[in-house]
Amino acid sequence: MKEQKALIDVQHLKMYFSIAGKGFGKKSRLTLKAVDDVSFSITKGTTFGLVGESGCGKTTVGRTILKLYEATDGKVIYDGQEITKMPEKEFTPYRRDMQMIFQDPYTSLDPRQTVNEIIGAPLMVQKLVSSTAERDERVRELVAMVGLKDDHINRYPHEFSGGQRQRIGIARALALKPRFIVCDEPISALDVSIQAQVVNILEEFQQEMGLTYLFISHDLSMVRHISHRVGVMYLGHLVEVADVEELFRHKRHPYTQSLMSAAPVADPREATSNKRIILEGDVPSPLNPPSGCPFRTRCRYAKDICSEAMPELTDVGSGHFVACHNML
């Protein structure tokens, strides 16, 4: 069987932010390590789910891949071409191929623009239409694709529900016919009934257009439903990566085990046997992370080597990678 090619290959990605700090009456600069040495790849036409607690760096990974942030170090390779340090002028054509669906449908749409202007803007910027009439026709096609009506295109964002706004965001992301889309918690601000509709739309477009997704979420059940492979992040690091069913059935890292034990289970019998693993202590600050393994201060299996060396993401079999000294 021929191995499928990776569309996105992230290698040792780092994204550090310099922030103002105060100490002993003097202003100083502190380094916040939002993403610290993250590596993974996404095969063409598949979905890579990225999960973890709030503040672990999931969104920063997505934004750095799209060059909304300039990476501190590491590489992002898109379809064989390194784009990390590519000048904006050279990268502009790649923006057609790489789009983003933002988390909040209430703030990601310009309240001063109509749906026609919001969805049509990428078409005009990339010069894919030659007239406003051609733009309007393309917008009507996109609006219909996401289940909205023609008369919606002249309305403003405040006239829509949250689910409708997110459909507008999806239509905007699809306007340039991209190959890769970062879905940054696209359903977290929506009602449960609407979440399923949005996810179904994403799945349909993936099948029809061969789209590749980075699906960022804290909803484990939805990640399991839509993803092919999943990465678990903690404090800027990937601690476990595996095919979706392999990860959910054979979770190896202590953090992954705790994270998944907190997820609600629909089956009462399974819920009764599912023992909740409660972590002690608080998440360390990314301004002052622990030495060695970032999870060691909350890990019930921590030993001396955990404070001395950072565990490497190692294949423990079947493409299942774990960063834990107890697994090595």
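Both faces of strand β6 are covered, with Met98 and Met100 buried on one side and Gln99 and Ile101 buried on the other; buried here means under 20% relative accessible area, exposed means over 50%, and partly exposed lies in between (1.4 Å probe, protein chains only). In a regular strand the side chains alternate between the two faces of the sheet. The model is a predicted one, in which local features need pLDDT of at least 70 and side-chain atom pairs count only at pLDDT 80 or more, while totals for chains, interfaces and linings use all residues. Residues are numbered from 1 along each chain as its sequence is written, and side-chain values use heavy atoms, with hydrogens and water left out.

Helices (H or I, at least four residues) and strands (E, at least two) are DSSP runs numbered from the N terminus, and two strands pair if DSSP finds at least two bridges between them. Strand β6 runs parallel to β7, and four bridges join the two. Within this pairing, Gln99 stands opposite Ile181 of β7.

**Helix α6 and its cover**

Strands β6 (98-101) and β7 (180-184) are also among the elements that cover the buried residues of α6, together with the helices α4 (115-125), α5 (132-145) and α7 (192-209). Helix α6 is mostly covered, since twelve of its 13 residues are buried; among them are Arg165, Gln166, Arg167, Ile168, Ile170, Arg172 and Leu174. The 13 residues of α6 (162-174) should span 18 Å at 1.5 Å a residue, and the end C-alpha atoms are 19 Å apart, which agrees; the expected span is 1.5 Å times one less than the number of residues.

Tyr213 is placed in strand β8 (residues 212-216) and counts as buried because its relative accessibility is 1%. Leaving aside neighbours within four places in sequence, Tyr213 is in contact (heavy atoms within 4.5 Å) with Ile42, Thr46, Thr47, Phe48, Phe180, Ile181, Cys183, Leu202, Phe205 and Gln206. The side chain of Tyr213 also reaches the backbone oxygen of Leu202 at 2.7 Å. The C-alpha atoms of Tyr213 and Glu308 are separated by 36 Å, the two residues being 95 apart along the chain.

Arg298, by contrast, lies in a loop, the one between α11 (268-273) and α12 (304-308), yet Arg298 is buried too, with a relative accessible area of 12%. Not counting residues up to four places away in sequence, Arg298 touches Glu53, Tyr234, Leu279, Glu280, Gly281, Asp282, Val283 and Pro284.

**Salt bridges**

Side chains of opposite charge can pair when their charged atoms come close. A salt bridge is a side-chain nitrogen of Lys or Arg within 4 Å of a carboxyl oxygen of Asp or Glu, and the structure holds 15 of them.

| Pair | N to O distance |
|---|---|
| Lys44 and Asp79 | 3.3 Å |
| Arg155 and Asp151 | 3.9 Å |
| Asp243 and Arg229 | 2.8 Å |

Asp243 lies in strand β10 (residues 237-243) and Arg229 in strand β9 (residues 229-234), so the pair ties together parts that are 14 residues apart in sequence. Asp243 is partly exposed, with a relative accessible area of 36%, and Arg229, at 22%, counts as partly exposed as well. Salt bridges that share partners join Lys5, Lys44, Asp79, Asp97 and Arg179 into one network.

In the pair of Arg155 and Asp151, Arg155 is partly exposed with a relative accessible area of 29%, while Asp151 counts as partly exposed at 46%.

**Cysteines**

A disulfide is a covalent bond between the sulfur atoms of two cysteines, and is assigned here to a pair of cysteine sulfur atoms within 2.5 Å. The structure holds zero disulfides. Cys183 is accordingly in no disulfide, the nearest cysteine sulfur, that of Cys56, being 17 Å away. Cys183, one of the contacts of Tyr213, is buried with a relative accessible area of 0%. The sulfur of Cys306 is 5.9 Å from the closest cysteine sulfur, in Cys293, which is too far for a bond; Cys306 counts as buried at 6% relative accessibility.

Note on methods. Polar contact = N/O pair within 3.5 Å; in protein donor to acceptor, adjacent residues only side chain to side chain.
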